[in-house]
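Please keep the sequence and the structure in view while going through the points.

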Amino acid sequence: MASSESESIVKDAVKEAVKESSTDGNSETLVASLLVFFSNPVNIGLTLLCAYLFYKLFKSGSSDNDSQSESFKLPPPLPKRDMTLDELHKYNGKGPDGRICLAINGKIYDCTKGRRFYGPDGPYAPLAGRDATRAFAYFDVQAVKDDWDDISDLTPSQMSSVQEWEMQFSERYEYVGKLVKDASEIRSYEDDDVAGDDEQGGDLNEAENPKDK
Ligand code: HEM
């Protein structure tokens with residue numbers, strides 16, 4: 001109880017300080033809103049999470065693991081190919097060439113150049129070598145499964161945010177191929193220089209899940 005007493009003493013002191021320094025009531029309203037905001041433990045948790053992700057982003061941005069730093073050499077582009085989950089898991093940034101791939105909405109992107117985000121020290125490391133669809137749907141980096149993830153339970157609004165993220169990945173990173181459940185579904189792109197590009201563009205505008213096809 002002592003802590004709630006000292007909490008209210010601090011709150012009163014802050015309010016008094018603002019009253020004295022402000023020429024209008026705006027600052028007081030702002031402080032009051034902040035006090036209400038931070039009185040909810042969920043908001044405190046979210047703020048701490050954001051601060052942690054910011055910290056990781058800026059820390060990894062200046063680290064030696066950054067793909068832009070001289071110590072890391074980007075591996076050559078990956079030939080177009082479909083992958084099973086087991087193959088995808090290998091591209092988690094911890095392999096000898098440091099390659100990082102992730103899947104979103106059934107499509108695999110080579111995100112090695114985004115190493116400061118997805119590399120072992122990056123804020124989004126749990127997505128590396130994974131099907132990240134659910135993480136983007138929930139906006140929760142930890143929401144990734146080790147096994148095949150059936151995303152048919154996602155709501156239309158979650159699917160639409162998945163598609164927005166997918167659009168960003170398609171603009172920023174190289175498309176590698178499809179994430180397939182079974183090796184028998186892997187198709188060959190040998191005679192097809194731009195294999196998958198049509199499918200990629202098509203799927204982005206469709207509301208359906210390519211993994212269901
Ligand atoms: C809640 C706190 C969060 C904060 C403050 C935050 C902050 C940021 C910032 C500042 C960037 C841009 C970095 C840059 O361009 O230098 C960024 C990019 C990004 N964030 Fe977050 N983020 C948060 C949560 C999340 C979550 C939950 C996810 C995934 C589910 C996520 C996924 C991403 C991705 C994929 C990028 C783009 C990385 C790329 O360019 O490849 N973020 N975030």
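1. Basis of the model. This is a predicted model, in which local features need pLDDT of at least 70, side-chain atom pairs count only at pLDDT 80 or more, and totals for chains, interfaces and linings use all residues. Residues are numbered from 1 along each chain as its sequence is written.

2. Overall make-up. The protein has 8 helices and 3 strands, where helices (H or I, at least four residues) and strands (E, at least two) are DSSP runs numbered from the N terminus. Their order from the N terminus is α-α-α-α-β-β-α-α-α-β-α.

3. Helix α7. This helix covers residues 156-172. Its buried residues are Val 162, Glu 166 and Phe 169. A residue is buried if 20 or more other C-beta atoms lie within 10 Å of its own, exposed if 12 or fewer, and partly exposed in between, with C-beta atoms placed from the backbone.

4. Burial overall. Of the 213 residues of the protein, 27% are buried.

5. Ligand shell. The ligand is surrounded by 14 residues, the closest being Cys 50, Leu 53, Gly 114, Phe 117 and Ala 135; a residue counts when its C-beta atom, placed from the backbone, lies within 6 Å. Helix α3 gives the largest share, 5 residues.

How values were computed:
The expected span of a helix is 1.5 Å times one less than its number of residues.
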